[in-house]
Amino acid sequence: MTRKILILGASYGSLLATKLLMAGHNVTLVCREKTAALINSEGTEVRIRLRDEPDHRAIFSRDLPGKLDAKPPQDIDVAQYDLVCLAMQEPQYTNHTIRMLMVKIAVARLPCLSIMNMPPLPYLKRIPSLAEMDLEEAFTNAQVWERFEPGLMSLCSPDPQAFRPPEEEPNVLHVGLPTNFKAATFADEAHNDLLRQLDADISAVRLDGHDVPVKLKVFDSLFVPLAKWSMLLTGNYRCITPTEPRSIRDAVHSDLALSKSIYEHVDAIALRLGGDPADLVPFEKYAKAAESLLKPSSAARAVAAGAPFIERVDLLVKVISHQLGMPNAEIDRTVDIVDSKLNERLVPG
C-alpha cells in the first residue's frame, strides 16, 4: 500500500523523504516557497555512502519510484496524508504559518513522528515520570504543542548525521554518518502498523543490488529515542565553546574520561525515568562513531551563524535532572555556555 507522508522541513527531512521515496511511498516536503519551487523543478539530491564503497552516491528523487513534491505551509491540505514527520528545528515551529499548519494537523488527529533532537512536549507527557514535571522553559514556545494528543505523537531518534553543504543549493543533503532512525511506537496499534510497514518497506530497498544505509527501525520502548540525549550532551552541545565552535570529535575526544562521565550520567537519568539498559547505546560505540564527526554540530553552527534560538535539549536535560534530584555540574556548565553565547546577540553593540 502506497502511503502519503507529510514532512515538515526540507533539509534534514529530505533524508527520510529519500528513504520513503525509494520504498515507493509519496512525500510532500513543507518548506519556504523559494525552496519548494527549486525542489518541484529539480527534485532533491541526497549523498550517502553505501557499505564497502569508498565514495558517496548521489541519490536523486526524480529517479525514485515514489513521488515527491514541496509546498509552503499555507498550501497544505492535511486531509491527504497518512503520517506527519516533524523534521524542522524546534524553534521553527513558532513561525506563524507553521503554527497554523500545526493547529490543522492537531485538529485532524494525524499521527506525528518527530525526528527532531528536541522531543515534542506531548511525547514527553507519555512518560509517566515526566508527565507532571514543569518542562516548558526548555521550549521556545511550549504553546505550539498544546493541541496535540500525547498518544498521537511519537519520537524518532535522529541518529543519522547529515548537513547541507554550504556551497550547494538547498535541495542537496550530504550524509556524514548513515545510522538508523529509531522510532518509538504510538498509542494506537493502527498507527504502529503503518510505522512497521514503513520499516519493512525501507529495509527491503536495494540500490544496484546493495543494501542502503539509514533504516527506520520501530521499537516498543518510549525510551529508545532518549538514548540520543547522552550523545547530544556529550558531543553536540559541547561543540559550543566560549570562543569558536569545535567539531563533535574534538568535543568528545579532547577529554575522553570527562565525556564518558557526562554520557553515563545522562544514561542514568534515562534509567531513572524508567528506561531499560537495553534501550541505551554504549559509550564506547558512540565514542567510536564520534571519531568520524569532523564538523561542529548543527546547534554549534547555528549559534556561530547568529541564530537567536536553537533546540535546547541541554536545557531540557538540566531541568529534568534538577527535578529528579540528579544535577550534574558539567551539564549545568554546558547550559551556562550555551545561554551565554545566545545572550551575546541580545546585548547592544
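How far apart do the C-alpha centres of domain 1 and domain 2 lie?

Analyst: The model discussed here is predicted. In this model the C-alpha centres of domain 1 and domain 2 lie 22 Å apart. The contact between these domains draws 30 residues from domain 1 and 27 residues from domain 2. As for the boundaries, domain 1 covers residues 4-219 of the protein chain, and domain 2 covers 224-344.

The number of salt bridges between domain 1 and domain 2 is zero.

On the domain 1 side, several elements contribute. The helices α4 (121-124) and α5 (128-131), together with the strands β8 (153-158), β9 (161-163) and β11 (181-184), each provide at least two of the residues that touch domain 2. Strand β8 gives the most, with four residues. By residue class, this side of domain 1 comprises 19 nonpolar, six polar and five charged residues.

The structure as a whole holds five aromatic pairs. In the pair of Tyr93 and Trp145, the ring centres are 5.6 Å apart and the planes stand at 50 degrees, so the pair is classed as tilted. Tyr93 is in the loop between β6 (83-86) and α3 (96-107), while Trp145 is in the loop between α5 and β8; the two are 52 residues apart and link distant parts of the chain.

The structure also holds 17 salt bridges. One of them joins Arg57 to Asp208, whose closest N and O atoms are 2.6 Å apart. This pair, too, links distant parts of the chain, with Arg57 in strand β4 (residues 57-60) and Asp208 in the loop between β12 (206-207) and β13 (210-211), a separation of 151 residues.

Note on methods. Residues numbered from 1 in each chain as written. Predicted model: local features only at pLDDT ≥ 70, side-chain atom pairs only at ≥ 80, totals over all residues. Heavy atoms only, no water. Domains from an automatic or database assignment. Contact = heavy atoms within 4.5 Å. Salt bridge = Lys/Arg side-chain N within 4 Å of Asp/Glu carboxyl O. Nonpolar A, V, L, I, M, F, W, Y, C, P; charged D, E, K, R; others polar. Phe/Tyr/Trp six-rings, centres within 6.5 Å; stacked < 30°, edge-to-face > 60°.
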